[in-house]
Amino acid sequence: MGSTYLGLDFSTQQLKAVVLNEELQILHETHVHFDSELPEFRTHGGVVQKKGSKEVTVPTIMWVKALDMLLEKLRVCGVDFSEIVALSGSAQQHGSVYWGKGGKAALASLNPSRFLHEQLGIPSVLSIPNSPVWMDSSTTAQCRRLESGSVGGGGAVGMARVTGSRAYERFTAAQIAKIAETKSQAYSTTERISLISSFACSIFLGDYAPIDWADGSGMNLLDIEAKDWSDECLELCAPMLRGKLGATKHSYANIGPISPYFVERFGFSPECRVVAFTGDNPASLVGMRLQEGDIAVSLGTSDTVFMWLSEPKTITEGHVLCNPAKKDAFMALLCFKNGSLTRERIRDNSADGSWEIFNELLNNTPRGNFGNMGLYFDSQEILPNAVGDFRYNKAGDKLTRFTSTEVEVRALIEGQFIAKRAHAEDFGFKIGKGTRVLATGGASVNTSILQVLADVFNSPVYVQESTNSAVLGAAYQAKHGYLLGSSEGNENENSLEAVTACLPAPTLVCSPFQDAAEVYNPMITRYRKIISAIGD
Ligand code: XUL
């Protein structure tokens with residue numbers, strides 16, 4: 001009988017699970033897609049948004065019902081639950097769950113002959129039935145209030161200094177503040193506020209689970225250096241908040257044994273350990289096995305960039321989070337809203353909707369694109385703060401269009417990667433001899449695009465077999481936390497690096513051309529000039 005590890009990911013559109021063996025190879029994987037498999041909740045893309053509204057929520061119990069279904073699917077897949085020695089999970093960041101006065105008691109006394117959603121979907125357990133999620137942008141007023149206080153010396157910079165980010169609409173503090181203002185009765189009956197990650201963890205634990213430091217860094221409430229709630233932030237946010245948030249823990253903390261509900265209903269071992277759950281971006285950093293000096297680029301609906309930081313840095317454009325893999329380290333997270341949808345728009349307009357033609361056009365243009373540069377933001381971009389198309393020729397004149405489709409395609413891809421490198425360098429990222437770019441997400445299968453990435457970063461680009469880095473990261477953390485044990489074990493021997501050393505190294509897919517630095521270093525400088533002019 002082998003030991004196995006279960007990883008879960010409560011992402012925006014679906015709930016995923018993987019079961020890994022001792023060598024961290026995938027034995028089983030399955031998922032529940034919210035829109036199609038749980039149509040009764042009427043979500044679109046996994047969320048509920050009224051037309052024209054900035055409010056975006058999810059019926060909290062949908063995630064619980066999805067978990068009921070996922071566990072049944074795993075059983076049908078042939079998973080032997082008794083072999084699972086530890087489990088962990090990840091979830092979309094920032095969203096919050098509000099437990100009522102009967103929450104803790106309900107978790108501790110779940111009846112194994114009934115579904116979870118039948119027992120948890122009642123007002124005494126969930127004081128607010130709908131959870132605000134990361135796509136919500138209805139809290140600008142609350143953000144301004146949070147930044148108007150004296151946190152870290154005041155303003156956006158002060159907030160970023162203490163919590164790792166300036167106040168953002170989707171971050172949990174602004175969301176909690178809005179709930180405390182607009183639903184004060186329900187807020188006052190709230191016994192505990194969980195993130196989606198710690199909510200899911202609580203179900204497995206049969207008790208309120210702590211918020212982990214990495215996902216907690218997406219709240220504008222955690223002092224990321226002190227690893228404790230900032231009293232100044234709490235006071236500005238909402239009344240009696242410290243008690244409602246509970247204690248925090250590091251991201252691979254081995255919290256406790258699994259709840260008897262799962263032992264009796266599914267045959268889990270009573271010894272199976274629950275390891276802290278975290279956010280999907282920190283979990284991806286773990287799943288990609290990012291090391292100091294590397295940079296990870298995830299190419300999806302929105303593009304994200306992660307870096308390992310040994311020291312926090314105060315920066316108002318981008319986020320600093322506690323590192324999920326190592327207690328005293330940090331990570332940087334950069335979100336670019338215009339990712340694959342913008343790439344698809346240019347593919348449709350310039351390459352007849354074909355990736356083959358798109359790649360041909362890209363391969364047929366020289367690095368540096370004859371001095372042309374373009375930036376394309378279909379929707380309001382975060383980095384930089386801009387919307388629209390911006391095209392420039394070699395002389396720096398602004399153009400309404402380029403003369404050929406080749407130039408347009410190359411301008412898009414070069415522009416996207418130049419922006420990523422420039423903003424990463426603002427975080428102190430330096431390209432060195434050992435720098436590796438780890439690519440993931442949908443577009444990471446396109447080697448023509450990855451060649452541009454290698455050239456812009458003047459570094460080799462690697463990919464991993466699976467693009468599901470968050471759910472894998474969760475399963476790796478299960479093993480990481482399990483080996484450390486509840487007594488914290490030997491941190492070095494059981495570092496994440498040591499725990500995942502059995503995995504194959506990522507595959508080298510593209511190396512930069514000799515002239516890459518010469519071509520792209522000046523383009524980074526040009527990009528900075530362009531975006532400061534756009535901002536004026
Ligand atoms: C990160 C963010 C999203 C969510 C959903 O700040 O808002 O990436 O974590 O995946």
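Modeller: Gladly, and please keep in mind that this is a predicted model. By the rule used here, the count comes to 26 salt bridges.

Colleague: What lets side chains pair like that?

Modeller: Side chains of opposite charge can pair when their charged atoms come close.

Colleague: What about Lys-326, which residue does its side chain meet?

Modeller: The side chain of Lys-326 meets that of Asp-328 in a salt bridge, with 3.4 Å from N to O. Lys-326 is partly exposed, at a relative accessible area of 42%, and Asp-328, at 51%, counts as exposed.

Colleague: Which residues are linked in a network of salt bridges?

Modeller: That network links Arg-345, Asp-378, Asp-389, Arg-391 and Glu-408. Within it, the side chains of Arg-391 and Asp-389 meet at 3.5 Å, N to O; Arg-391 is buried, with a relative accessible area of 10%, whereas Asp-389 is partly exposed, at 29%.

Colleague: Changing topic, how is the protein divided into domains?

Modeller: The domain assignment gives domain 1, covering 4–282, and domain 2, which is made of 290–463 together with 506–536. The C-alpha centres of the two domains lie 31 Å apart.

Colleague: How many residues of domain 1 are in contact with domain 2?

Modeller: There are 24 residues of domain 1 in contact with 20 residues of domain 2. The area buried between the two domains is about 1,800 Å², and carbon and sulfur atoms give 62% of it. On the side of domain 1, Tyr-168, Tyr-252 and Asn-281 lose the most area to domain 2, and together they account for 26% of what that side buries.

Colleague: How many salt bridges are there between the domains?

Modeller: The count between domain 1 and domain 2 is zero salt bridges, although five residue pairs are found in polar contact across their interface.

Colleague: Which helices supply residues to the domain 1 side?

Modeller: Helices α6 (155–163), α10 (213–216) and α14 (280–287) each supply at least two residues of the side that touches domain 2, and α6 gives the most, with five residues. The residues of that side of domain 1 divide into 11 nonpolar, eight polar and five charged.

Colleague: Let's stay with α6, then. Which of its residues are buried?

Modeller: In α6, the residues Gly-158, Met-159, Ala-160, Val-162 and Thr-163 are buried. The buried residues of this helix pack against α5 (140–148), β12 (222–223), α11 (231–237) and β20 (319–322).

Colleague: And what follows α6?

Modeller: The helix is followed by Gly-164, whose phi is positive, near 95 degrees.

Technical notes: Residues numbered from 1 in each chain as written. Predicted model: local features only at pLDDT ≥ 70, side-chain atom pairs only at ≥ 80, totals over all residues. Heavy atoms only, no water. Domains from an automatic or database assignment. Contact = heavy atoms within 4.5 Å. Buried area = accessible area lost by both parts, 1.4 Å probe. Salt bridge = Lys/Arg side-chain N within 4 Å of Asp/Glu carboxyl O. Polar contact = N/O pair within 3.5 Å; in protein donor to acceptor, adjacent residues only side chain to side chain. Helix = DSSP H or I, 4+ residues; strand = E, 2+ residues; numbered from the N terminus. Nonpolar A, V, L, I, M, F, W, Y, C, P; charged D, E, K, R; others polar. Buried < 20%, exposed > 50% of the residue type's maximum accessible area, 1.4 Å probe, protein only.
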